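Here is a walk through one structure, taken part by part. Please keep the sequence and the 3D view at hand while reading.

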Amino acid sequence: MPIAAVAERAALSATPVSRRVKRLEDDGVIAGYAPVLDLRKLGFELEAYVLINLKSHSDKTIARFETLIREHPYIVSCHAVTGDMDYILRVIARDVEHLSQITLKTLVRMEGVRDVKSIIALEAVKESRAPPLE
């Protein structure tokens, strides 16, 4: 949102709003800016969440796995999680066949991976990166 629009909504002039935004950027509260892309319009019809369980939790296995995940272009996020599985990945794919290739030809074959479970997202009910402001 442009500074002028923020200033209008906050009932302030643009100068103090600009200073506050700059301070938030300098303090690292605002870490960056990114466009919100419509993945379907870019040809990615499918979004899936893939649960990964590793064979072992050695430093070497974890480092190798995380390096491969960071390098994979269709894995758009990866989180280490609690519970039965070790990681949850968010994967985008052109279609089911593409997801199958990513899963069967890459993830299942990664050294150190024991189990892979996929969940295909049917519809996004809510998506937000903004925290609740209380």
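Two residues are in contact when heavy atoms of theirs lie within 4.5 Å. The model shown is predicted.

Setting aside neighbours within four places in sequence, Leu 89 is in contact with Ala 48, Tyr 49, Val 50, Ile 52, Ile 69, Ile 75, Ser 77, Cys 78 and Leu 107. Leu 89 also belongs to the largest nonpolar core, which has 17 residues. The members that touch the most other members are Ile 52, Phe 65, Ile 69, Leu 89, Val 91 and Leu 107. Two or more residues of this core come from each of β1 (46-54), α3 (59-71), β3 (87-93) and α4 (96-107). The largest share is that of β1, with five residues.

Helix α4 also holds Thr 103. Is Thr 103 buried or exposed? Its relative accessibility is 11%, and buried means under 20%, so Thr 103 counts as buried. Not counting residues up to four places away in sequence, Thr 103 touches Val 108, Val 116 and Ser 118.

Another part to look at is the pair of helices α1 (residues 3-10) and α2 (residues 14-26). These helices pack with their axes 9 Å apart, at an angle of about 110°. Angles of 65 to 115 degrees count as roughly perpendicular, so α1 is roughly perpendicular to α2. On the α1 side the contact is made by Ile 3, Val 6 and Ala 7, and on the α2 side by Ala 14, Val 17, Ser 18 and Val 21. Of these residues, six are nonpolar, one is polar and none is charged.

Methods: Residues numbered from 1 in each chain as written. Predicted model: local features only at pLDDT ≥ 70, side-chain atom pairs only at ≥ 80, totals over all residues. Heavy atoms only, no water. Axes fitted to C-alpha atoms, helices over the stretch in contact; angles between N-to-C directions. Helix = DSSP H or I, 4+ residues; strand = E, 2+ residues; numbered from the N terminus. Parallel < 35°, antiparallel > 145°, perpendicular 65-115°, else oblique. Nonpolar A, V, L, I, M, F, W, Y, C, P; charged D, E, K, R; others polar. Core = buried A, V, L, I, M, F, W, Y, C linked by side-chain atoms within 4.5 Å. Buried < 20%, exposed > 50% of the residue type's maximum accessible area, 1.4 Å probe, protein only.
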